[in-house]
Amino acid sequence: MIEVSHLTKEYGGRPAVRDLSFVVEDGQIYGLLGPNGAGKSTIMNILTGYLSASSGLVTIAGHPLPEEADQAKACIGYLPEQPPLYLDMTVQEYLTFAAELKGVKRSARKDQVLHAARRTGLEEVLPRLIRNLSKGYRQRVGIAQALLGKPQIIILDEPTVGLDPAQVIEIRKLIQELGRTHTVILSSHILSEVQAVCDQVLILSKGQLVAIGAPEQLSETLSSHSVVHATALGTRDQVLAAVQSLPGVEKVEVTPSFKEDEVNLTARSATGEDIRADISRALTAAGCIVLSLTAETKSLEDVFLELTGAGSDQANTDEPEDAPDEDETQSTQDAPEEKEAGDDAGEEE
Amino acid sequence: MLAIFKREFRGFFHGMMGYLLTAFLAASSGLYFLALNLGYGLTDFSYYTLYRTIFMLLLYVPVLTMRSLAEERRSRTDQLLLTSPVSVWGIVLGKFFSMCAVFSLACLLDLVMILVLWALGATATTLAANLAGLLCYFLLGCAAIAMGEYISGLTENQIIAAVSSFSVLLLAYLMPSLRSMFNAGSAAALAVFTGIAAAAALIAGLRTRSLTLGCGVFTLLCMGLAALFVIQSTWLTEAFSAVLEALCLFTPFEDFVNGSFSIPALVYYLSATGLFLFFCGMSLEKRRWN
């Protein structure tokens, strides 16, 4: 378990993380989500003891930092943003070195190295120099290194950056597997990844925690207003008149459909309550037949963009491309670039 | 610590570096040994070989130490070390001992030369004096390595680390001559101390971002110096000379070359080593808090 309370980190007077408090429970996969420069890596570096907090308390599995740093570090396996690899060593040598560094006993070292290599699919490249490995393999060596010493908590900083789609899926599978036996914290600016892998999401913006919760829960509860889309048989005026008079409705838009006699209706509730039943009743009473009626649920992406303030126009342009197939690798490959463009725009504001 | 020591030591011999450096030092002392000790039949190895090739350390040590911490920082592998359950001191000492081990290989070759002299008929007293000289030479090298490691920890760039350590070692090497230049009078000492006071005030002012504090510190220090200059100007010159003497890293070794043994010299090298390793650990620790 990791407890963080009122954590603040300043770089030369400029705050990178401000007054952050959260608790990471055991046995779950946590996702740190945020645009570039939101403080994800800083938080991870503080949790792993690489950096010290300017103020605030961090406790790793009951060991406060930095007082009991060595015990706390022994509970954590960490893959930094750039895997910390010695290029002049072979994978086997490197992993053995990392195991020794983490205090793995001589007798257990070989088994643990082999086990970590097997889990990350590195068995074939064990005798090769890290210098000669591709980016994907290097990333996996970094993950294998984090598994050594059997840490309770595994922290991965952007584990899938720069990997090809097949590798991304493999790494995600590995992370989900790890989540069964370890507490995993990963950071990402790719929404689909977090949505696919994590049990809990922490959304960060400009060094502050703006939301925490399960991905579905976030999408549901964070939509402050609910929007209903409906298609009805009838004229524009008829429909408009019927819906506008409803007490819970804040804003109504009616647009003609492709078919004659049909109109599309978009209504927004003022209180955030479900207004589908009211709309259906009102339309039926006005003599319009309701053909379809759906409540718009916000995707995590909308929540993310809204909370991190990455521009509403950006949200509109992003939606049609990303929304339909978020779990497919194609979209994962597109997502980072688009997100980054969005983030940059957000930071300039 | 042991893991870091082993990795570093192997690292030197994975590439050319370890072999090249050892060969470089062995060649220079071998040449002097051949020409002077063997050629002229002189048995004093400490003076004729070690003392005369000591300037080789000016090149050897910076190249040996430049990688140690700078490269870790550049390739971000320091994240692995600093997030593993090994203390900062374990990292600093592991690296330090590995470099000392590489240096000791060259010293072992020197030991062979000393034993050759003994086999060729040098007396037991000369043997003892030569061994004592070698011990002091090794400790001098270790102090220089600790200094180089500290400088390497300050930068990400190996070249900057190497050039800086070379400059510092060169300054220490030339310090005896520089010292005699500065010994002229207390006015020169006053000027230099004023300069140091100005630097201290500047650092204080920049750290706290307060002009008043910087100026205040400078005024106070200058007043103190001026008072000292008027009342007891000899203190100033003596203090100045003592400070400069402490910076002559290579001078205490001279105590060993005439067949004598000097405990203060050994203590000086051991404390210089300890001091720089302490600085090195502190600078690593400080980076966490920046």
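This is a predicted model: local features need pLDDT of at least 70, side-chain atom pairs count only at pLDDT 80 or more; totals for chains, interfaces and linings use all residues.

## A hairpin in chain A

Let's start with two strands of chain A: E12, covering residues 249-256, and E13, covering residues 262-269. They run antiparallel, and seven bridges hold the pairing between them. If you want one pair to look for, A:Val249 has A:Ser269 in E13(A) as its bridge partner.

Between the strands of this hairpin sit five residues. One residue to check there is A:Asp261, which takes a positive phi near 70°.

## A loop residue elsewhere in chain A

Now hop over to A:Asp164. You'll find A:Asp164 in the loop that links strand E7 (153-157) to helix H6 (165-181) of chain A. A:Asp164 counts as partly exposed because 14 other C-beta atoms lie within 10 Å, and that label falls between the cut-offs of 12 or fewer for exposed and 20 or more for buried.

## Where chains A and B touch

Last stop: the contact between the chains, to which chain A gives 21 residues and chain B gives 17. On the chain B side, helix H1 (2-14), helix H6 (78-82) and helix H14 (263-289) of chain B are the elements that each give two or more residues. H1(B) has the largest share, with four residues.

As for the kinds of residue on that side of chain B, there are six nonpolar, eight polar and three charged.

Conventions
Residues are numbered from 1 along each chain as its sequence is written. Chains are lettered from A and ligands numbered from 1 in the order in which they are written. Two strands pair if DSSP finds at least two bridges between them. Two residues are in contact if their C-beta atoms, placed from the backbone, lie within 7 Å. Ala, Val, Leu, Ile, Met, Phe, Trp, Tyr, Cys and Pro count as nonpolar, Asp, Glu, Lys and Arg as charged, and the others, Gly among them, as polar.
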